[in-house]
Amino acid sequence: MTAPYSGGCGCGAIRYTVTSEPLISYLCHCTECQRRTSSAFGLNFQIPTENLVIDKGTPASRTRSADSGNDLALNFCGDCGTPLFSAPGARPQIRVIYAGTLDDPSWVPVKLNIWTASVLPWVPMDTGIANEPGQPNMADYIGKV
Ligand SMILES: [Zn+2]
Ligand SMILES: [Zn+2]
């Protein structure tokens, strides 16, 4: 598949389009992704902020302190509660898309694992890719993996 990619929340109140390829896509094993997904990890990817277009509705937002210590604004559907993307306070030029909200997330490649310090013990880890214990500098990976 190639961009654009469409996605949205569970009830259809929020629809969005991603108009570029991901800068980087990865599994995040941080405790907030575990909480957000109510599961083991998040499948996330980063895009430039201008490449996220909200086609329908207005996401609700709450800001929290991420495991990295930086503010992170979680954007979600105020009607059905589906988490959609986050806006890192330290990197306003970036949006982090929660890939499970794409209409078809099957194409999203896993380029690395991050926050493996909190990985659940039964998760099979791909040793052929980078496994970062915490939050890496993504610039070290964008365009290189
Ligand atoms: Zn919804
Ligand atoms: Zn995370």
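Start by selecting W115, in the loop that runs between β10 (112–114) and β11 (130–131). Keep in mind as you go that this is a predicted model. Look at the backbone here: W115 isn't a glycine, yet its phi is positive, near 55 degrees. Is W115 buried or exposed? It counts as buried, because 26 C-beta neighbours sit inside 10 Å and 20 or more is enough for that label.

Next, jump to S38, which you'll find in the loop between α1 (31–37) and β4 (42–48). Check phi again: S38 has a positive value of about 50 degrees, and this residue is not a glycine either. The surroundings are worth a look too. S38 has 6 C-beta neighbours inside 10 Å, so it counts as exposed; the cut-off for exposed is 12 or fewer.

Now pick T58, in the loop between β5 (52–56) and β6 (60–65). With 11 other C-beta atoms within 10 Å, T58 is exposed.

For the last stop, head to P4, in the segment before β1 (5–8). Select A3 along with P4 and show the backbone atoms of both. What kind of peptide bond joins A3 and P4? That one is cis, with omega at about 10 degrees.

How values were computed:
Residues numbered from 1 in each chain as written. Chains lettered and ligands numbered in written order. Predicted model: local features only at pLDDT ≥ 70, side-chain atom pairs only at ≥ 80, totals over all residues. Helix = DSSP H or I, 4+ residues; strand = E, 2+ residues; numbered from the N terminus.
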